Amino acid sequence: MEEADPLRHHEEVKPIYVKRKETIERVFAGAKEKHGMRWTTLRGLKKLSMQAMLTFAAMNLKKMANWTWQGPKMI
């Protein structure tokens, strides 16, 4: 942690670190708000891991469907 913290303040890394809010943090926020990852009724690491994997797999499938879907073409 001590070695990694100064690296994010380098001029080359700052723009990449700023984009983290737009990409990585957005995925976890969407999982919490839209896919029920805020609370769980399951118990045990194995069950929670399965739920998380299925949730993120569904989110990835949704993302892939949006990438491949082509809307109506304007003439």
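Me: Which residues line the largest pocket?
Reply: The model is predicted. Helix H2 and helix H3 (45-68) each supply at least two residues of this lining. The lining is Thr-23, Arg-26, Val-27, Gly-30, Lys-34, His-35, Met-59, Asn-60, Lys-62, Lys-63 and Asn-66.

Me: How much space lies in the largest pocket?
Reply: Thr-23 and Asn-66 are among the residues that line the pocket. The space in the largest pocket is about 270 Å³.

Me: Is Gly-30 buried or exposed?
Reply: Gly-30 is one of the pocket-lining residues. Its place is in helix H2. Buried means under 20% relative accessible area. Gly-30 has 16% relative accessibility, so Gly-30 counts as buried.

Me: How far apart in space are Gly-30 and Met-59, C-alpha to C-alpha?
Reply: Both residues belong to the lining of the largest pocket. In sequence, Gly-30 and Met-59 are 29 residues apart. In space, their C-alpha atoms are apart by 9.0 Å.

Me: Which side chain meets Arg-38 in a salt bridge?
Reply: A search of the whole structure finds one salt bridge. Its N to O distance is 2.1 Å. Arg-38 is partly exposed, with a relative accessible area of 37%. Its partner is Glu-33.

Me: Is Glu-33 buried or exposed?
Reply: The cut-off for exposed is over 50% relative accessible area. Glu-33 has 57% relative accessibility, so Glu-33 counts as exposed.

Me: Which residues make the nonpolar surface patch of about 270 Å²?
Reply: One member, Ile-16, is found in helix H2 (residues 14-34). Ile-16 counts as exposed because its relative accessibility is 59%. The patch is made by Val-13, Ile-16 and Tyr-17.

Me: What annotation covers residues 6-65?
Reply: Over residues 6-65 the chain is 73% helix and 0% strand. The end C-alpha atoms of this stretch are 39 Å apart. The annotation comes from an unreviewed UniProt entry and reads "domain: Transposase DDE".

Technical notes. Residues are numbered from 1 along each chain as its sequence is written. This is a predicted model: local features need pLDDT of at least 70, side-chain atom pairs count only at pLDDT 80 or more; totals for chains, interfaces and linings use all residues. Side-chain values use heavy atoms; hydrogens and water are left out. Patches are made of residues with over 30% relative accessible area and no salt bridge: like charges are joined within 9 Å, nonpolar side chains (Val, Leu, Ile, Met, Phe, Trp, Tyr) within 5 Å. Accessible areas come from the Shrake-Rupley method with a 1.4 Å probe; for residues, only the protein chains shown count as cover. A salt bridge is a side-chain nitrogen of Lys or Arg within 4 Å of a carboxyl oxygen of Asp or Glu. Helices (H or I, at least four residues) and strands (E, at least two) are DSSP runs, numbered from the N terminus. Buried means under 20% relative accessible area, exposed over 50%, partly exposed in between (1.4 Å probe, protein chains only). UniProt positions are given in the numbering used here, feature names are shortened, and annotations may be inferred rather than shown by experiment. On a 1 Å grid over the protein atoms alone, a cavity is a set of points where a 1.4 Å probe fits but cannot get out, and a pocket is an open set with protein on both sides within 12 Å along at least five of seven lines; lining residues have an atom within 4 Å of a point. Grid points are joined across faces, edges and corners, and a volume is the space filled by probe spheres set on the points.
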